[in-house]
Amino acid sequence: MKDRSDLTPKEINRDLLDFPLHKPLWFFGVSLVFVTFITAGLVTAGFLIMVGVGVMGIDRPAMWAFLITNFVFWVGISHAGVMISAILRLVHAEWRRPVTRAAEVLTVFSLATAATFPFLHTGRQWRTMYWAFPYDFWRGVWPDVRSPLIWDPSAIFTYLTGSTLFLYVALLPDLAVAREYAKGTMRKVYAVLSLGFRGTTRQWRLQALAGILLSALILPVFVSVHSIVSWDFAVALVPGWHSTVFAPYFVAGAVHSGVSAVATIMALMRRLFRLEKYITPDHFDAIGRLLIPVACGWLYFWWMDFYFGIYSRATDEVAVQFSRTFVYPYNVLTPIFLLAGFFIPVPLFLFRRVRRNITAMLWLTLLVNVGMWLERFIIIVPALTYKQPFSFSWTAFSPTWADWLMTLWAFGLVLLGVLLFAKFFPIIPLYDIKEGQTIKAEVQIGRVKVPAVVRE
Amino acid sequence: MAREMARRTAVLGLFRSAEATADGVDALRAAGFRDHDLDVLTDSPFPEGAFGEREIHHRLYVFPLMGAACGFAVGMLITVGTQMSFPIVTGGKPILSIPPMINVMYEGTMLGALIFTVLGVIFESRLPRRLDRGYDPRILRDGLIGLEVKAAGDQVDAARDLLRQAGAVDVVGAEREPDRAH
Amino acid sequence: MPPPSERRPAPAAPAVEPAPAGDGAGVVLPEPMGAERLQRGARHTEGHPPIELIPLAPAEIAADAMRWVERPTRGYWLLVLVLAVLTALGVVGVVVRLLGGFADRAAWGYYAATFICIMSAAGPVPVIAWVSRFGKGQWALPFRRLADLYGAVGLLALLMFLPLLGTMPPLLGRNNIWFDWPGAPWGWDLAAMVILVAIGLANLWVGALPDFAAARDRAAPGHGRREARLALGFQGTIRQWRVVTSAQIILGGMYLADYVFTMTLLVGDLSMSLVPGWRSAVYPAFTIVTGFQTALALLVVTIALLRRFGGLADYLRVDQFWALAKLLLALTLFWFYFFWSDFIITWYGRQPWEQRVLLLIDFGPYLTPFILSVFLMLFIPLVLLIANRVRTSIGGATLVSVLILIGLFFDRVRLYVSAFSIPDPFAPPPPVVPPTHYPDLADLAIIVGGFAAAALVYLLAWRLVPLLSLWELREGLLLRAIRPFLRTRVLVIAKPW
């Protein structure tokens, strides 16, 4: 609560609608970079479809590698939105105000991007329709709902729909404000999308109720999505995968990487959109404090997975854990992911000076996500490359140019999506900031005026 | 029974401060205007009851329950239907395997609840709505606070006077609008 | 600096500030215009009742807090007597078991289940207070000390743990979490329990230091020696306050970490490693999370009883039950989540040892406790707590909590009695599923006596430590005020951090 400023509604409108209503030069340059990534990825995807999945590094027995690592990673990032937006709404955390929409937008675009990866990695993407859609297409063959590969589309579709609707409902009042500032076609677009929102007391009450109800509904979905993704691995009898802790392990990792990604996005937004009055060191302090228990929870689950993997003393389980820890290249990647994901950032998050240093938080949260990407890779590939009794062919996995370009493509898609959203809609909720101004208060204690907030 | 439509006018007073708006509400009430004739329009939420407004009644909680029931039914239909239509044993599991069904039915339930909740919010907010009456862009653009009064006949002039006396910087709107039940 | 928003309402009559601590003045609440909407019983559109302050002065709060230390009622002593008798019954049951030796591990199953129930329900309660301190939740101020006091129950848990050391078979020849580490499991499990209890007691003592000092200063001449010793000369300097508040956060965090560690060890040694072939990485987390659910339930029941019979109705209001009920709903969902994470993987794998384990703990000889635990810890609480009316009612939250606590017992029976009844933990998997082991008279005495002993220890702790955290409540009075806001009243909460 240290960094509060007094802002009028007009100032708030001007500052937060500046980017949607104007076109700074850097926007075109940055967009071009992301479009380049996406184009490279589309070309690679075209090549993959024409030539086959062999252009990726996958080969027996490592049939899941970068594409699925990216899938899991981006589903994980998508957990940011609900964690920040829904949970902080429910506990009335004041510091959520400038952060919620960016987190929700990141959720929508990263989830949509994630959904493309299992689609691509099937090799013959058009057949996905036959496998997943609940209709037999005159073949007499229906999808097998006992397979986690069918649970996945149901969960991702639910989460994507729910997140998009959540984003839209919370965006309604700001669409109405944008309607009053825009001209020409955009004015008509905002007018249609805002549905005639006027700001009556009834509409505001229902907005508040919607925030609570939708938050309460989407939280269980958020937990279930990454759990179901984890069960793609855990229900299989692959040594190193068949572990009951995968669901909470993946969810904790998702929250860790998602919240870190939100912190990264916030630092970039503050700089690019000149939002120093709205995104303050207080917010990074709060996010840093949130990341400490989340990261500790993630580490505990990682340890449980590792420890109970070797607990059984089963030869194959022990061999996979050994391979993840001591066999090249995983013996290099594992310490890197542990250092990057926990042992460097989290001890630093304990210090208030670090948490309030925005540059430090930017680099530390990026480091966390480097670690978390590696963590997903280490979960997936070593277990597959372990030679099992009926393995007739085995190779070490090595990524190709196609793997790297598809990874880059995902970053381009998500970041371009967030940038384009910010181009057309305010990335910080206007009414949330204004409400924060309205309910600011102070309490005199002795000679000190202590910042306070109002609760209804 | 046919509903009689009383044609009333929406008069909108625009205020700079919340205190003046609250004074305006008090003055209108004292003059005999009923709670459901008044509405306050703001560009951000205020604490409930800040302007002395009436409690809102809504049935929003019904929507997620209805949606959950529909989603549950669809989920059950898909899971039971596909398993019965293609009764093949996979992985040693029974034809009708309940644990996997629970995963899909759960997602269907939540999807139904989410969709219906959003529809409920839009419906209960009385949206979509045309903005040709009871609204001024200065509310959302400049941060003015609107106090809308629905009045008929002589009350229209009385409402305008009361709004000006309470400190409204402008009074707009003389369009007639049908009475809506609240 | 931009000008202040012209939209912010001008303050009405002078803003009401709470009286500074110590001068005995009460909090004056002005009546704003149009406050008829906020009469008692009216609800916010979001479904919660209006928020209120504790309408008492610091001197009254001090008197209420010290009542059980200074002048317990006859009802208190009667309850202590009843619990002491039941505890004695439990001790008789334990003696019967000890006389039977440790060769028949199945005979100790209900003892183990009772011990784990106490560890699950009472063990994590101090963590609730810590979480509210870490998250700066002022709604928890009235019951933080009540939660910390459950650290004292750790002494009973430690005592109960000692006989269980005799039931643990040697490590060699079976899967275990120790990998044949020297001194394991007995020495290390005992060390973990001792450290946990020590941290819990330290947390309780540090948090009560300022109140011991206040009691020392309140005492009549010639009295208060015990409080003076416990207060260690605390004077309330700025440095001392900083040490106390920092120590609370650190000790609470350490307690949480050690609780998680200790329960992981106990789950492994008293349950999983006794069943050949059972391997579940999420099972310790399931036990810990369900422990938090039952800890919340226990706290709700505690504050409900103290509100009704303990004269604390002015402190323990709907706000506290509402906040705890919301957390209870979340943790009930977590019960299902962790249970399902374990179940779906085990069910899906179809491996022989997995199917035997499911038969053992869920669908075989312990089917009835399993069904009861699912209904009492999941279905019924979920259906009830989803309704806002239940969450915002004291009776509703209490009823749900009682059901959860009953469900806990059945849940631990199916997990620990079943494991203890495995005839040979050294046999190769899949395990042989034994028939249901029913409790005998000694087991019933142990169950009743164990829970009675836990309640007894808690009650006796009231004689030493004030039930209310005086200094935290006074701090809360400073930081909260009810003010008029245009035509309504709002709660203003200061955030000095």
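1. In this predicted model, C:L486 counts as buried, because 24 C-beta neighbours lie inside 10 Å and the threshold for burial is 20 or more. The residue has a positive phi of about 55° although it is not a glycine. Its place in the chain is the loop between strand 1 (480–485) and strand 2 (488–494) of chain C.

2. C:K136 is another residue other than glycine with a positive phi, here near 60°. Is C:K136 buried or exposed? C:K136 is exposed, because 12 other C-beta atoms lie within 10 Å and a residue with 12 or fewer is classed in this way. C:K136 belongs to the loop between helix 4 (125–134) and helix 5 (144–148) of chain C.

3. Within chain A, strand 1 and strand 2 (residues 448–455) run antiparallel and are joined by 6 bridges. A:Q444 has A:K449, in strand 2 of chain A, as its bridge partner.

4. Two cis peptide bonds deserve a check by eye. One runs from B:L127 to B:P128, with omega near -10°, and B:P128 lies in the loop between helix 3 and helix 4 of chain B. The other runs from C:A184 to C:P185, with omega near 0°; C:P185 is placed in the loop between helix 6 (153–165) and helix 7 (186–218) of chain C.

5. Chains A and B also meet: 55 residues of chain B are in contact with 55 residues of chain A. On the chain B side, strand 2 (38–41), helix 2 (62–85), helix 3 (98–124) and helix 4 (137–142) each supply at least two residues. Helix 3 of chain B gives the largest share, 16 residues. By class, the side of chain B that touches chain A has 29 nonpolar, 15 polar and 11 charged residues.

Notes:
Residues numbered from 1 in each chain as written. Chains lettered and ligands numbered in written order. Predicted model: local features only at pLDDT ≥ 70, side-chain atom pairs only at ≥ 80, totals over all residues. Contact = placed C-beta atoms within 7 Å. Helix = DSSP H or I, 4+ residues; strand = E, 2+ residues; numbered from the N terminus. Nonpolar A, V, L, I, M, F, W, Y, C, P; charged D, E, K, R; others polar. Pairing = 2+ DSSP bridges.
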